[in-house]
Amino acid sequence: MIWLLLGGMFLVTYIPRLLPFLFARELDLPVWVQKWLKFFPYAALGALIFPGILTAVPGKPVLAAGAGILAALCALFIRNITVIVVLAIAVVLLFQNLSIW
Amino acid sequence: MRRSALRWGFSNGLPIALGYLPVAVTFGILGNQSGLSVAAVTGMSAWVYAGASQFLAVKMIADGIGTLEIILATLILNFRHFLMSTVLARRLGVSRLEGAALSYWVTDETFVVASLHAAAEEPKPLGFLIMALMAYLSWLTGTFAGGMFAELIPVRIVDGMGIGLYALFIALLVPSARKHWQFALVAAASALTAWGLSRLLPGLSEGWVLIAATLGVSALGTLLPGAEEES
């Protein structure tokens, strides 16, 4: 039964990812659609970050938001994204077990 | 050219792989706790490869919800990748066959990295493949480790390490937002829209929230002055 579930989940996750590569590739889209598409990554980023970040650390929204703000500040000076990812994880690991949050 | 694609792939794949690892371990542990075998959780990561949907699925399995309902919930939550693939399909410049393979590794994270316009270099298909495979291997390894050593790893700790992916998103957003205020405004408005939608309509799937915020706020973005030149 679990393998049937996995097969079904495979189809419904792969097909939406696949279709645009088959059909939208060279489609001549009107200029307004192209402009619209250009904003997708930024709008998606905003919605991916917030409000999800508040629940990133179980039971500790303030710590999670703090780590996010720290990441944003670091990103002003550091171009290396790996460093920022490691830093945010380290901060959460350090402070996760304090009860002040 | 090949060399720069390799470098692009590795340098962009590394932060995603690091961000995925603890999340995958958490998934492996939770899958184990809901009664799935190590083979089944690892198989789900290998063949479904859809972060949030996988967490939802193991929760639904644990709650005894039926197969069809889980598949439907997965479709809804993952349909956002249709939008993401549409952007990537036009940007990566690949043949149908290459696209069919690469599309399997389109995730929120690989999409964002490969589609940001402020990126210094255009992603090449080879670079995308390397980045995507690093992410995928990290996801598989983490899931396997989490499922295998579920009893040994404190789930609360690894769960909190999921902050890494948010740091990744933020670190990706900041440089583009500084360069073009239009992108900053769109991202902020979209975050608020997502928050508002999830407050107003608590029953709405996260997938729909993301789709609605992306489509709606991007449309408003096209009305911003100067939106024509930024590309």
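This is a predicted model: local features need pLDDT of at least 70, side-chain atom pairs count only at pLDDT 80 or more; totals for chains, interfaces and linings use all residues.
## About the model

Local features need pLDDT of at least 70, side-chain atom pairs count only at pLDDT 80 or more, and totals for chains, interfaces and linings use all residues. Residues are numbered from 1 along each chain as its sequence is written, while chains are lettered from A and ligands numbered from 1 in the order in which they are written.

## Where the chains meet

Start with the contact between the chains. Here 78 residues of chain B are in contact with 59 residues of chain A. Two residues are in contact if their C-beta atoms, placed from the backbone, lie within 7 Å. Helix α10 of chain B (residues 163–179) gives the most to chain B's side, with 13 residues. Helices are DSSP runs of H or I with at least four residues, numbered from the N terminus.

By class, chain B's side has 49 nonpolar, 24 polar and five charged residues. Nonpolar means Ala, Val, Leu, Ile, Met, Phe, Trp, Tyr, Cys and Pro; charged means Asp, Glu, Lys and Arg; the others, Gly among them, are polar.

## Leu5 of chain A

Leu5(A) sits in helix α1 of chain A, residues 2–23. It counts as buried because it has 21 C-beta neighbours inside 10 Å. The cut-offs are 20 or more other C-beta atoms within 10 Å for buried, 12 or fewer for exposed, and in between for partly exposed, with C-beta atoms placed from the backbone.

Leaving out residues up to four places away in sequence, Leu5(A) touches Thr67(B), Ile70(B) and Ile71(B). Leu5(A) and Val33(A) are 28 residues apart in sequence, and their C-alpha atoms are 36 Å apart in space.

## The two domains of chain B

Chain B splits into domain 1 (2–173) and domain 2 (180–231). Such bounds come from an automatic or database domain assignment. The C-alpha centres of these two domains of chain B lie 23 Å apart.

Nine residues of domain 1 of chain B are in contact with nine residues of domain 2 of chain B. On the domain 1 side, α4 and α5 (80–92) of chain B are the elements that give two or more residues. The largest share, three residues, comes from α4(B). That domain 1 side divides into six nonpolar, two polar and one charged.

## Helix α4 of chain B

Helix α4(B) (residues 67–78) packs with helix α12(B) (residues 206–221) at an angle of about 25°, with their axes 7 Å apart. Axes are lines fitted to C-alpha atoms, for helices over the stretch in contact, and angles run from 0 to 180 degrees between N-to-C directions. This angle makes α4(B) roughly parallel to α12(B). Under 35 degrees counts as roughly parallel, over 145 as roughly antiparallel, 65 to 115 as roughly perpendicular, and the rest as oblique. Ile76(B), Leu77(B) and Asn78(B) in α4(B) meet Glu206(B), Gly207(B) and Trp208(B) in α12(B).

Ala73(B) also lies in helix α4 of chain B. With 20 C-beta neighbours inside 10 Å, Ala73(B) counts as buried. Beyond its neighbours within four places in sequence, Ala73(B) is in contact with Leu56(B) and Met60(B).

## Helix α5 of chain B

The axes of α5(B) and helix α7(B) (residues 108–115) come within 10 Å and cross at roughly 40°. That makes α5(B) oblique to α7(B). Met84(B), Val87(B), Leu88(B) and Arg91(B) in α5(B) meet Phe111(B), Ala114(B) and Ser115(B) in α7(B). This contact has five nonpolar, one polar and one charged residues.
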